[in-house]
Structures are given as structure tokens and as C-alpha cells.
Amino acid sequence: FFKGKYEIGYNVMSRTAKARDLFEFEPKEGKIAPGASTTFTAKFNPTASLKQEMKLHTNSYIAIEILETLTEKTEHTIPVRVDVDAVFSKYVLRPANGLNFGPHVYDTDSEPKTFEILNKGEFDFDFDIVPYRTGSDDEEESAKNAAKGGDLAVGNFNVSPTTGNVKPGESASVTVTFKAEGERTFCEILGMNIQGRDPSDSPGGIPYEIKGESCIP
């Protein structure tokens, strides 16, 4: 809120190249009439250029210049303290080593098994599950259905749900069923995407193995 007698100008400035990449302000510059006020909106990492965790505390990367409107001369510089904790999504898959349905009599459907996606981080995250590798038309169609939140049929396994949101400290349960056919072992790899995880953590999708054996007595 401006209490002066005359109009002033302002300019929000980033003092380092790093700050220019990480912060975006709206409005960035303008004028304030006597008795008026301006609200600034700040965005952190607007272009998603930051690829690592970061803590910024009590820094002086941002400042507001107060300008004399006729001469555009800087009359004052006001430092703006910005505190940021940028962290990745943290998750745990349980069981961690995948699901094994063991042997089943052919032409039967298994009892459902579940695995959990636990949120060990500080913020909500979305997840989605697709085939780890898609190649056939059936797999691609199944992946499209999964992306819409429908069941995912991959090989002789059915997975549901395929999308969801998990709050900090909570978990989502994913149910898998196995259809035994013939006399062979079936093994598939699911690809899980956790929103906001470390980009170096399985960028093609977090692999999760599911397998089962079909037997003829």
C-alpha cells in the first residue's frame, strides 16, 4: 500500500541469473498511484527447468526497485526475502519385489493380489500405470484405456485402478488378477509413473514385475 503524495513506479528484479530462471513475477513492473496498492504473484520454477531438490532460506535474490516516474531514477531498493523448499515426490512400493501368483490350475482365475503405492513425501502426487513396453495393438489400446483410468489388461493379468492420487502419509492399493492358460509361466512388467519424482528415477517408468504359473494336473 502506497501512502506517498505522488505516483511511483516499480520494477521487480532478479539479482542473479539463477533467480531469473527460477522465479517469475506478475506484474513485473508498473506504477502505483497515491493511496493505491499492487498485489504481486510469484511463480517458482515456472518452466520446470529445476531438476534437483533445493532449499533457499533468507536469501536476497529478489528486490523491488522504487522509481521516480518522470526520471525513472531508482529512489529505493527493497529486498524481498524468498524461502523455498523444493523437493521430489517420495514413494515406496510394497511389496517392493513385485507380485508372484505362484502355480494355478489352467483355465482358472486367481484370487486378487494387491500392491501398495505409499506416499512418503510432503505433497500429494498422481500416479498412472501402463505396460512397461507397448508394442502390439492390443497393448497400445490397453494403455490408452489405462490412461483414462480404466482397467489395464497386460498379458494374462488385469490391473485396477491404473490412475489415482495419493496424499502424504497415505497409500493407494492396486489390485491384480491372473488368468491361468495352458502350461507355462507368465511374466509381465508394469511401468509406473509417479508425478514429481526425481527425473533420474526410471525416466521410462518405474518397472514392477508381476508373474504367475499355469499348470495342467
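Analyst: With a relative accessibility of 54%, D107 counts as exposed (buried means under 20% relative accessible area, exposed over 50%, and partly exposed in between, with a 1.4 Å probe and protein chains only). The model is predicted, so local features need pLDDT of at least 70 and side-chain atom pairs count only at pLDDT 80 or more, while totals for chains, interfaces and linings use all residues. Residues are numbered from 1 along each chain as its sequence is written, and side-chain values use heavy atoms, with hydrogens and water left out.

D107 occupies the loop between strand 10 and strand 11 (113-119); strands are DSSP runs of E with at least two residues, numbered from the N terminus. Although D107 is not a glycine, its phi is positive, near 60 degrees. Most residues other than glycine have a negative phi, and most peptide bonds are trans. The bond between R94 and P95 is cis, with omega about 0 degrees, and P95 lies in the loop between strand 9 and strand 10 (99-105).

Strand 13 is joined to strand 14 (residues 157-160) by 3 bridges in the antiparallel sense, and F157 of strand 14 is the bridge partner of V154.

F157 also belongs to an aromatic cluster with F101, F178 and F186. Rings of Phe, Tyr and Trp (its six-membered ring) pair if their centres lie within 6.5 Å; planes under 30 degrees apart count as stacked, over 60 as edge-to-face and the rest as tilted. By this rule there are 8 aromatic pairs. Y10 and F40 are edge-to-face, because their centres are 5.2 Å apart and their planes stand at 85 degrees. Y10 is buried at 6% relative accessible area, whereas F40 is partly exposed at 31%. F115 and Y208 are tilted, at 4.5 Å between centres and 40 degrees between planes. F115 is in strand 11 and Y208 in strand 18 (residues 206-215), so this pair ties together parts 93 residues apart in sequence. Both F115 and Y208 are buried.

The charged end of K113 sits over the ring of F101, 6.0 Å from its centre (NZ of Lys or CZ of Arg must be within 6 Å of the ring centre and within 35 degrees of the ring normal). R184 lies over the face of F186, 4.1 Å from the ring centre.

Methods:
Pairing = 2+ DSSP bridges. Helix = DSSP H or I, 4+ residues; strand = E, 2+ residues; numbered from the N terminus.
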